[in-house]
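Student: Hey, I've just opened this one and I'm new to it. Can you walk me through a few things?

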Amino acid sequence: MTVIGQTEGDTSASTRGSGAAPPPKRSAPSAPGGRTGTRATHTWRYALKKDWRLYSLLVLPLVFLLIFRYLPMAGNVIAFRRFRPGSSIFGDEWVGFHYIEMFINDPTFWRVFWNTVILGGLTLAICFPLPIILALMFNELRSNAFKRVAQSISYLPHFMSIVIVAGIVLQLTSLNGTFNQILGLFGAESIAFMQQPQWFRTIYVSSEVWQTVGWGTILYLAALTTIDPQLYEAARIDGANRWKQMWHVTLPGIAPTMVVLLILNVGTFMAVGFEKVLLLYNPLIYSTADIIATYVYRVGITSSNFSYATAIGLFEAIIGLILILSANGIARKMGGNSLW
Amino acid sequence: MQDTRSYTAFRVVNGLAIILICAATLYPFLNIIAQAFSSEGYINSGQVSIIPRGFNITTFDVVMSDSMFWRNYANTVIYTVVATAIAMVLTTSFAYALSKRHLKGRGFFIGVAVFTMFFNGGLIPNYVLINALGMTNTMWAIVLPNAISIFNLLVMKAFFENFSTELEEAAQIDGLSTYGVLWRIVIPLSKAVIATMVLFYAVSFWNAWFQAFLYLDRRELYPVTVYLRNLLAGATGTEQMGGEAAEATQIASNVRAVTMLLTTLPIICLYPFLQKYFVRGIMLGSVKQ
């Protein structure tokens, strides 16, 4: 680069970053970039002096994280303290494991726990593989125009507000909705889907499929484009037919993406779509629809048992954290494809 | 390369299956549109699928003459604009600083951010906090708590990391400070990623409802999504939360359909133009690591 401004020629580019700041320590000029130099270039004082403008950019975001992310984490201590509305966010007095014992002895808790596990398990088992299959199907299309249109249509539900999705679900399952119209064609009786507990899981998982499958294909399609075409050629020369090519070239090619997404899916396995359930369920179908998060909402916000609800919420969050850490650990041990 | 007969058969079946999947994906939308233009009687007798029956547009007059609907609609616009602006300022400055590999403590700051993806405070501590901060029944409860999406942050950071260092250094030699480089060199040359991030944020704030539902009690502060939720809750009639029993009267299906249509209209209209940016954005996010 031959860009020369009105600057002193002997100052390295990185120290110029500090603008009007006082001249760097004696050892600094020998260490452009601040990585290879002497001990003095590794201190915080040096780093702050040189990069104070960069650090100043960090201030607001870190304050944000501290207040809106880490303070609530600390606020979880009210699971072990008695909290009264209006008092400090860290509660009034220690009560030990009182609230933990309370939910362990609470039959409703165990009902919502198992509902969460079943709903999360069904969602994982069905919503994880389908995008892979759909991406492979898209991949076999020859017409680019058709492929583009089909993909655009499949992404569309992802952009809808959860309130709209809930509205659509309620509409389709209502007594005069599409599902009952179809039943009517076969001369069957109308079903009040949203009043019968046995239908909730089907409805929830189907709507989840409808909303997420198309969007889920994006990452796999991106991974598919990175597969070396020579591999297919080599496989063909070796006599592999289409199926064998898919099995031995395509699937291994997208396996890393599959592992990463599986870890993420396992990690959020307990975090069943709280907002959707809250919008869809009603007391008639609590026996299958009520999940930990909605129970926390009712106990905490609606009935103001803040400490008790926090204890349940904390339990769920810790399970989620353990799940994602162990899924990541297993993935790293098995094949080296992990999140971190 | 010639296809075997069985592969040709597979391709035909595959194409048909995809057409079927697309039809199934679109059907619910078409159903809502058809209902919006149908009369209540036909809907209640279960005769409306994707073709309007008893065509009328008076329902649009009914919904649009409700001043509360427009007020809530305006709130949604305001919340979306303010929240997106705040989110962009925070995310851009955070991502830019984190993209500098020589920054001391960089790994720690990234860790601090990424950890919040996997563990969060939970509903109740957040609720207690927002109340303690006095944000209940103010716009701040909507626009501040979700100002940084870690996913968006990582996408932007990855983009900035690939930014030409020569260009930045040249600008510094010309006398620009870090702020100057960011504002006058990096941001103007990052329009694509910034547009993508604005889209991501704007759509998520436009679609959000729960924050508002939780922290706002006054109807005139609601965004339109909460207005719609209250219509739906009224329609199911089996649950009234937060003392909204008065609203839980029978609401006609076509009124609901029209409200849903109007609420999503901006997204549906912009979708064809914005879609490619979204896709590029999520791919950019997946390439990192």
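Student: Which residues form a nonpolar patch on the surface?
Tutor: Keep in mind that this is a predicted model. The patch is made by Ile104(A), Trp110(A), Trp114(A), Ile118(A), Leu122(A), Ile126(A), Leu130(A) and Ile133(A). Together they have about 670 Å² of accessible area.

Student: Where does the largest share of the nonpolar patch come from?
Tutor: From α4(A), with 5 residues. Both α4 (107-127) and α5 (129-139) of chain A supply at least two residues each. Ile133(A), for one, sits in helix α5 of chain A.

Student: OK, new topic. How many residues of chain B are in contact with chain A?
Tutor: 105 residues of chain B, and they touch 100 residues of chain A. The area buried between chain B and chain A is about 9,200 Å², and carbon and sulfur atoms give 75% of that.

Student: Which helix of chain B gives the most to that side?
Tutor: Helix α1 (residues 5-36) of chain B, which puts in 19 residues. The side of chain B that touches chain A divides into 63 nonpolar, 32 polar and 10 charged residues.

Student: And how many salt bridges are there between chain B and chain A?
Tutor: The count there is 0. What you do get between the two chains is 19 residue pairs in polar contact, counting pairs with both residues at pLDDT 80 or more.

Note on methods:
Residues are numbered from 1 along each chain as its sequence is written. Chains are lettered from A and ligands numbered from 1 in the order in which they are written. This is a predicted model: local features need pLDDT of at least 70, side-chain atom pairs count only at pLDDT 80 or more; totals for chains, interfaces and linings use all residues. Side-chain values use heavy atoms; hydrogens and water are left out. Contact means heavy atoms within 4.5 Å. Buried area is the accessible area (1.4 Å probe) that two parts lose on being put together, summed over both. A salt bridge is a side-chain nitrogen of Lys or Arg within 4 Å of a carboxyl oxygen of Asp or Glu. A polar contact is a pair of N or O atoms within 3.5 Å; within protein, one must be able to donate a hydrogen and the other to accept it, and residues adjacent in sequence count only if both atoms are side-chain atoms. Helices (H or I, at least four residues) and strands (E, at least two) are DSSP runs, numbered from the N terminus. Ala, Val, Leu, Ile, Met, Phe, Trp, Tyr, Cys and Pro count as nonpolar, Asp, Glu, Lys and Arg as charged, and the others, Gly among them, as polar. Patches are made of residues with over 30% relative accessible area and no salt bridge: like charges are joined within 9 Å, nonpolar side chains (Val, Leu, Ile, Met, Phe, Trp, Tyr) within 5 Å. Accessible areas come from the Shrake-Rupley method with a 1.4 Å probe; for residues, only the protein chains shown count as cover.
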